[in-house]
Amino acid sequence: TKQDKKSMSQTSPKLSHRVKNLVSSPLQQRRKGRDGLHRSFQGGMKKIKKTMTRVSFAGTPSHQNIKSAPRLMTSHEMISIHERTSTSESITSSVSDITRLRAKESFDSMVAERDVIFVQRCYVMIGGDQSQQFLQLRLLKHLIEIDLRKKSKSKLELLPNDETTIRHKYLQGISRIDLSKKQARVRLSSEISIRQQIPTFKIDLPAFDLVDTIPLPLPHVADDWGVAQLFRFLKPEYICSILKLLLVERSLLVVGHSSEVVTSCICALLQLVKPFQWASNWLPLLPLDMIDFVSSPVPFVAGMVCNNGKFAEIIRMNEVKDAMTEGLSVVNLNQGKLLMTKEKGIKTIVEQSPAPIQQLFPFKDRLEVLRDSGDSSLASFSTFLKNGLSREALVTLDAIRNGIKAYVKGFAGDIALSNDGWRQYGKYNENEQFDFYPSLFINPIGEQLKLQEMLCHSQLFVEYVNRKERDSKETAELSKSDVG
């Protein structure tokens with residue numbers, strides 16, 4: 001009727017055009033207006049409805065070639081799959097093949113034109129203590145497992161409209177779970193003893209099928225699992241070079257096969273530069289369609305998930321090539337490679353400056369032995385959240401961090417040795433603000449290098465090197481005799 005057509009056009013001209021183009025109904029059904037079309041479409045989407053939380057589409061003319069991202073729609077432009085029809089007619093249990101085909105065609109068309117949005121459950125963690133991030137993620141993982149389990153006789157099996165209430169109760173419950181001050185002060189012992197009693201933290205939420213005991217100290221996502229992934233995919237010399245690049249504030253793009261590996265490696269790198277703190281931009285995950293970000297004039301650390309084929313395309317892009325001449329370096333975790341920046345002078349400084357590479361090789365070998373012997377938590381983030389890390393792995397990772405920390409801390413010289421070490425390298429101005437003078441810090445180092453240059457040409461130093469050589473040979477011979 002004219003009145004029905006008028007109501008459809010008032011709702012949205014684009015929506016009316018969309019429905020007419022995507023669902024070509026018989027003339028009699030078309031006269032029923034929007035309600036009849038919606039019931040037909042809802043019946044055709046019956047199977048899709050089971051796997052979606054909510055799907056909404058906006059009416060856009062089908063002849064337009066839309067490449068832009070979905071935009072926010074008004075309430076008049078959106079039709080929800082879960083919307084109930086206002087008529088008294090019930091949807092028949094049997095849906096014709098033609099209706100199913102039309103529904104499929106309309107749905108495929110909306111997906112192709114990016115008018116369909118799948119909304120998944122998303123948990124956003126704001127603030128919190130980084131040292132307890134493992135505990136928070138472990139508790140959230142249990143909530144996800146509850147959603148996926150769907151046991152028929154479980155006390156957690158709920159009606160759809162009750163799920164939100166129970167989920168909120170669970171989130172409120174875990175938000176109150178926290179380590180005591182005494183438990184938070186527990187530190188890892190460098191000595192592993194079978195008889196040593198390991199302190200634990202108990203989680204007791206029987207109403208949600210959650211009773212768990214976690215050894216203390218809690219594993220750290222970045223410091224432990226992230227560092228383990230760095231040494232799993234990269235050689236120690238590459239890791240030391242990356243840290244040097246970060247210390248001189250050069251941009252870094254980290255590429256890997258999974259989001260958990262990429263993000264944890266980036267967080268681990270930023271932790272390893274302590275006592276310094278990265279002061280510029282860092283993005284744990286950068287979408288592929290935002291690759292232009294590498295042209296940023298401001299130093300950044302960013303991650304990207306892609307396979308080797310896509311990585312080859314990225315490296316050939318002009319934006320990336322230009323950025324690499326201006327300071328950008330690229331880390332490929334999939335291939336275990338570091339593509340150093342082509343900025344003049346940086347590569348020489350990074351590669352030729354000393355680093356504790358040889359001291360780190362035994363730790364990398366130790367982690368590989370633990371991983372091969374069955375410690376799957378070193379290779380799987382899901383297993384890491386479930387089981388944590390073994391005591392041997394934690395001690396090894398702690399030794400790695402301490403070695404790197406001592407190396408990085410050495411760049412700060414006397415400033416890192418005491419709380420007041422900074423005072424000798426600057427003075428307060430008339431505004432009572434401290435001005436740091438780099439020359440006061442660098443000049444003594446230059447003089448020390450001159451002293452070392454003279455020392456290494458002396459007989460004193462040559463004799464010291466020869467004595468170290470003899471000691472090394474004697475140690476090697478003793479080791480062979482013990483094996484024999």
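The following legends describe close-up views of a predicted model.

**View 1. The largest nonpolar core and the surroundings of Leu135.** The largest nonpolar core holds 67 residues, of which Leu135, Leu230, Phe231 and Leu333 touch the most other members. Helix 12 (residues 259-272) gives the most to this core, contributing 8 residues. Beyond its neighbours within four places in sequence, Leu135 is in contact with Ile177, Leu179, Phe201, Ile203, Ile214 and Leu218.

**View 2. Helix 18 and its packing partners.** Helix 18 (residues 391-409) comprises 19 residues and reaches 27 Å from its first C-alpha to its last, close to the 27 Å expected at 1.5 Å a residue. Its buried residues, including Leu394, Leu397, Ile400, Ile404 and Tyr407, pack against helix 10 (221-233), helix 11 (236-247), helix 12 and helix 16 (357-372).

**View 3. The salt bridge between Asp224 and Arg401.** The two side chains meet at 2.8 Å, N to O. Asp224 lies in helix 10 and Arg401 in helix 18, so the pair ties together parts that are 177 residues apart in sequence. Asp224 is buried at 5% relative accessible area, and Arg401 is buried at 17%. Salt bridges that share partners join Asp224, Asp398 and Arg401 into one network.

**View 4. The salt bridge between Arg138 and Asp212.** The N to O distance of this pair is 2.8 Å. Because Arg138 belongs to helix 7 (residues 133-149) and Asp212 to strand 4 (residues 210-215), the pair ties together parts that are 74 residues apart in sequence. Arg138 counts as buried at 13% relative accessibility; Asp212 is likewise buried, with a relative accessible area of 18%.

Terms used:
Residues numbered from 1 in each chain as written. Predicted model: local features only at pLDDT ≥ 70, side-chain atom pairs only at ≥ 80, totals over all residues. Heavy atoms only, no water. Core = buried A, V, L, I, M, F, W, Y, C linked by side-chain atoms within 4.5 Å. Buried < 20%, exposed > 50% of the residue type's maximum accessible area, 1.4 Å probe, protein only. Helix = DSSP H or I, 4+ residues; strand = E, 2+ residues; numbered from the N terminus. Contact = heavy atoms within 4.5 Å. Expected span 1.5 Å × (residues − 1). Salt bridge = Lys/Arg side-chain N within 4 Å of Asp/Glu carboxyl O.
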